[in-house]
2 protein chains.
Amino acid sequence: MRILLDGMGGDNAPAEIVKGAVEALAESNLEITIIGKEDEIYAQLEKYEYDSQRLSVVNATQIIENDDSPVKAVRRKQDSSMVKGLNMLKEGKGDVMVSAGNTGAYMAGALLILGRIPGIERPAIASIYPIVGGETCLIVDAGANSECRPRNLLEFGIMGSLYMEKVMSRRRARVGLVNLGVEENKGTALTKEAFVLLKDSSLNFVGNVEAREVPKGAADVIVCDGFTGNVILKLSEGFAMNLLKNIKKKLTEGATTRVGALLVRNKLRELTKDFNYEEEGGAPILGVNGHVIKMHGSSGSYAVKNAILKSAVFAQQNVVEQITSAMEGVESAKQAEEV
Amino acid sequence: MRILLDGMGGDNAPAEIVKGAVEALAESNLEITIIGKEDEIYAQLEKYEYDSQRLSVVNATQIIENDDSPVKAVRRKQDSSMVKGLNMLKEGKGDVMVSAGNTGAYMAGALLILGRIPGIERPAIASIYPIVGGETCLIVDAGANSECRPRNLLEFGIMGSLYMEKVMSRRRARVGLVNLGVEENKGTALTKEAFVLLKDSSLNFVGNVEAREVPKGAADVIVCDGFTGNVILKLSEGFAMNLLKNIKKKLTEGATTRVGALLVRNKLRELTKDFNYEEEGGAPILGVNGHVIKMHGSSGSYAVKNAILKSAVFAQQNVVEQITSAMEGVESAKQAEEV
């Protein structure tokens with residue numbers, strides 16, 4: 001598998017991006033192309049030993065910044081690492097693209113350059129949600145589409161299901177719809193109509209899921225509009241951080257010895273890892289016509305390495321092809337029904 | 001202050017409701033009227049000593065169940081404890097009504113019997129959100145209106161602000177709008193328009209609040225549509241329970257002595273109290289023309305007692321009158337602008 005890596009995207013680029021690439025190289029037989037300002041990237045590469053046969057650098061003179069307006073940036077910065085990488089993906093010069101850069105621009109660029117998979121109206125960002133003490137689940141949409149139509153939620157279910165089954169080895173992924181209550185007639189116009197579409201699909205739809213059940217692993221794929229997905233992800237993050245901070249304070253003030261306090265701190269650090277997004281290896285942009293992975297903007301080398309390794313599975317399993325076939329099935333079923 | 005208490009609403013009625021009433025009586029000089037099946041209520045009252053001068057029972061032969069259809073139940077069960085209590089409130093036979101019964105029916109009943117405050121299009125349920133290690137905040141709407149117009153969010157801000165200032169003694173309550181990002185132009189059509197209305201109001205509007213900041217106490221009043229409010233409240237509850245369960249497991253398995261494990265358990269129990277909704281004393285239904293408090297369906301006597309005590313402050317401060325005046329101000333400002 002050939003990885004295209006945006007060397008300039010994210011808060012810690014290019015240092016942590018390059019370091020992550022070198023680490024991924026050591027743990028795999030992947031080929032990696034880093035796209036970005038070549039002098040800066042080579043300056044970082046000099047620090048490490050690596051298999052230079054499997055790592056190449058492609059120069060790109062521009063950078064899309066986090067505060068750049070997405071569509072404008074993609075149109076004007078044709079020689080940016082992000083746009084160049086997406087063009088290389090389109091041209092078949094790599095199997096999957098990975099970036100920690102401006103999310104809006106990445107989404108816009110993927111749409112403009114790669115296009116949508118036929119039948120998908122709204123590509124989505126799918127984010128892995130860590131369940132403390134258990135398995136992960138996938139939130140689709142995690143924020144790309146703040147306003148949705150019922151049909152979009154069905155698309156999210158189909159795409160998320162395939163990702164969890166093919167990349168995360170989940171059998172017959174359970175799909176749940178975030179809603180106000182478990183009853184079929186609960187919710188907004190959007191969730192009521194989406195419920196019917198999901199129920200009538202061939203997905204393993206487990207019905208409405210109240211937000212309370214999400215952190216308990218109620219489903220493998222959590223379907224919702226992007227506004228709700230954003231609230232779920234960010235609230236969980238803020239809640240966990242605040243709670244852990246207070247637990248640490250409370251428990252260490254009560255520890256009778258310094259050894260006890262240290263023990264508690266170490267145990268809590270292990271738990272923090274359980275809902276560390278870094279472990280999970282980036283979020284796929286599903287529904288565009290190419291394998292595209294978005295990393296968190298603050299990714300360090302460890303997250304970069306994990307995202308690269310996971311992206312290889314994503315491309316290897318050819319999830320784009322799987323979604324394309326699935327959508328053809330949806331279309332022909334619809335036509336058969338209309339006849 | 002005269003409290004009207006629905007003796008038959010909630011999972012633990014009438015036993016825990018009656019016990020809570022007796023406890024509230026002991027800690028205050030309130031007058032309480034319990035409405036419900038009098039034989040059952042007297043049977044509970046027999047267990048306790050209390051000031052019978054300040055406690056009376058009004059018989060009601062029907063009960064609105066949790067699975068009753070709200071509007072139908074209110075129309076048909078005229079002799080239910082809930083409908084009877086709301087009618088007594090309307091007739092001035094009490095200052096505030098408290099119930100742990102069917103939320104939808106309570107909301108519908110309050111609307112039908114008491115009506116709306118002029119200028120309020122959509123009454124809301126406002127729920128106290130406990131911030132671990134800090135102050136509480138108020139989520140409006142907590143689930144009564146799953147779909148809203150921008151103007152409704154302004155109403156939620158005005159009502160929530162007055163509640164936090166008058167009942168929770170918060171000075172110049174900070175009002176925040178749940179949104180995808182902090183920038184003014186972020187979000188859905190709803191949040192973008194609501195932002196402008198809130199900014200142009202006389203509220204202490206602190207702008208958009210990302211969900212991540214809610215558990216950190218970003219604002220005193222968190223304004224959002226009821227779908228989002230429901231997600232915030234239920235996700236927090238589920239997340240906290242799951243996290244604490246795992247922390248307990250992790251920390252006690254590592255404790256070197258039984259004393260250590262016990263210490264950890266006790267400390268965690270203290271923390272659990274920090275986000276215990278029971279402490280907070282019920283959620284006001286804001287925007288109806290009367291003081292109405294909803295308790296959690298699973299309320300035990302401790303929660304009932306707290307809700308009764310808090311409801312007295314709610315009525316004492318005459319929040320309904322305050323909202324009425326505030327809305328008159330909004331209307332005359334609007335007219336002045338139009339002239």
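Student: Which residues does A:Gln44 touch, not counting residues up to four places away in sequence?

Tutor: This is a predicted model, and in it A:Gln44 touches A:Pro14, A:Ala15 and A:Val18.

Student: Where does A:Gln44 lie, and is A:Gln44 buried or exposed?

Tutor: A:Gln44 lies in helix H2 (residues 38-45) of chain A. Its relative accessible area is 14%, and buried means under 20%, so A:Gln44 is buried.

Student: How do H1(A) and H2(A) cross?

Tutor: The axes of helix H1 (residues 15-26) of chain A and H2(A) come within 9 Å and cross at roughly 55 degrees. The two helices are therefore oblique to each other, and their crossing is right-handed.

Student: Which residues meet there?

Tutor: From H1(A), A:Ala15, A:Val18 and A:Val22 meet A:Ile41, A:Gln44 and A:Leu45 of H2(A). By class, this contact has five nonpolar residues, one polar residue and no charged residues.

Student: Let us turn to chain B. What is the angle between H1(B) and H10(B)?

Tutor: Helix H1 (residues 15-26) of chain B and helix H10 (residues 301-316) of chain B pack at an angle of about 50 degrees, with their axes 7 Å apart. That makes H1(B) oblique to H10(B). The crossing of H1(B) and H10(B) is right-handed.

Student: Which residues make that contact?

Tutor: H1(B) contributes B:Glu16, B:Ile17, B:Lys19, B:Gly20, B:Ala21, B:Glu23 and B:Ala24. H10(B) contributes B:Ser301, B:Tyr302, B:Val304, B:Lys305, B:Ile308 and B:Leu309. Sorted by class, the residues of the contact of H1(B) with H10(B) are seven nonpolar, two polar and four charged.

Student: Now the aromatic rings. How many aromatic pairs does the structure hold over all chains?

Tutor: There are five aromatic pairs over all chains. One of them is formed by A:Tyr163 and A:Phe314 and is edge-to-face, at 5.5 Å centre to centre with 65 degrees between the planes.

Student: Which parts does the pair of A:Tyr163 and A:Phe314 tie together?

Tutor: A:Tyr163 lies in helix H6 (residues 150-166) of chain A and A:Phe314 in helix H10 (residues 301-316) of chain A, so the pair ties together parts that are 151 residues apart in sequence. A:Tyr163 counts as buried, at 1% relative accessibility. A:Phe314 is also buried, with a relative accessible area of 1%.

Student: Why is the pair of A:Phe195 and A:Phe205 edge-to-face?

Tutor: Their planes are at 75 degrees and their ring centres 5.3 Å apart; planes over 60 degrees apart count as edge-to-face, so this pair falls in that class. A:Phe195 is in helix H7 (residues 189-199) of chain A and A:Phe205 in strand S8 (residues 204-209) of chain A, 10 residues apart. A:Phe195 is buried, with a relative accessible area of 6%, and A:Phe205 is buried at 16%.

Student: What is B:Leu235 in contact with, leaving aside its neighbours within four places in sequence?

Tutor: B:Leu235 is in contact with residues of chain A, including A:Tyr129, A:Arg212, A:Ile232 and A:Leu235. B:Leu235 lies in helix H8 (residues 226-254) of chain B and counts as buried, at 1% relative accessibility.

Student: And where is B:Ile139 found?

Tutor: B:Ile139 is found in strand S6 (residues 136-140) of chain B, and counts as buried at 0% relative accessibility. Leaving aside neighbours within four places in sequence, its contacts include B:Ile125, B:Tyr129, B:Val214, B:Cys224 and B:Leu233.

Student: A last topic is the backbone. Which residues does a cis peptide bond join in chain A?

Tutor: A cis peptide bond joins A:Val140 and A:Asp141, with omega about 5 degrees. A:Asp141 lies in the loop between strand S6 (136-140) and H6 of chain A. In chain B, a cis peptide bond joins B:Ala13 and B:Pro14, with omega about -5 degrees. B:Pro14 is found in the loop between strand S1 (2-6) and H1 of chain B.

Student: What is the phi of B:Ser169?

Tutor: B:Ser169 has a positive phi of about 55 degrees although it is not a glycine. B:Ser169 is found in the loop between helix H6 (150-166) and strand S7 (174-178) of chain B, and is exposed, with a relative accessible area of 61%. B:Arg172 lies in the loop between H6 and S7 of chain B, and its phi is near 40 degrees, a positive value in a residue other than glycine.

Definitions and conventions:
Residues are numbered from 1 along each chain as its sequence is written. Chains are lettered from A and ligands numbered from 1 in the order in which they are written. This is a predicted model: local features need pLDDT of at least 70, side-chain atom pairs count only at pLDDT 80 or more; totals for chains, interfaces and linings use all residues. Side-chain values use heavy atoms; hydrogens and water are left out. Rings of Phe, Tyr and Trp (its six-membered ring) pair if their centres lie within 6.5 Å; planes under 30 degrees apart count as stacked, over 60 as edge-to-face and the rest as tilted. Helices (H or I, at least four residues) and strands (E, at least two) are DSSP runs, numbered from the N terminus. Buried means under 20% relative accessible area, exposed over 50%, partly exposed in between (1.4 Å probe, protein chains only). Contact means heavy atoms within 4.5 Å. Axes are lines fitted to C-alpha atoms, for helices over the stretch in contact, and angles run from 0 to 180 degrees between N-to-C directions. Angles under 35 degrees count as roughly parallel, over 145 as roughly antiparallel, 65 to 115 as roughly perpendicular and the rest as oblique. A crossing is left-handed if the near helix is turned anticlockwise from the far one by less than a right angle, and right-handed if clockwise. Ala, Val, Leu, Ile, Met, Phe, Trp, Tyr, Cys and Pro count as nonpolar, Asp, Glu, Lys and Arg as charged, and the others, Gly among them, as polar.
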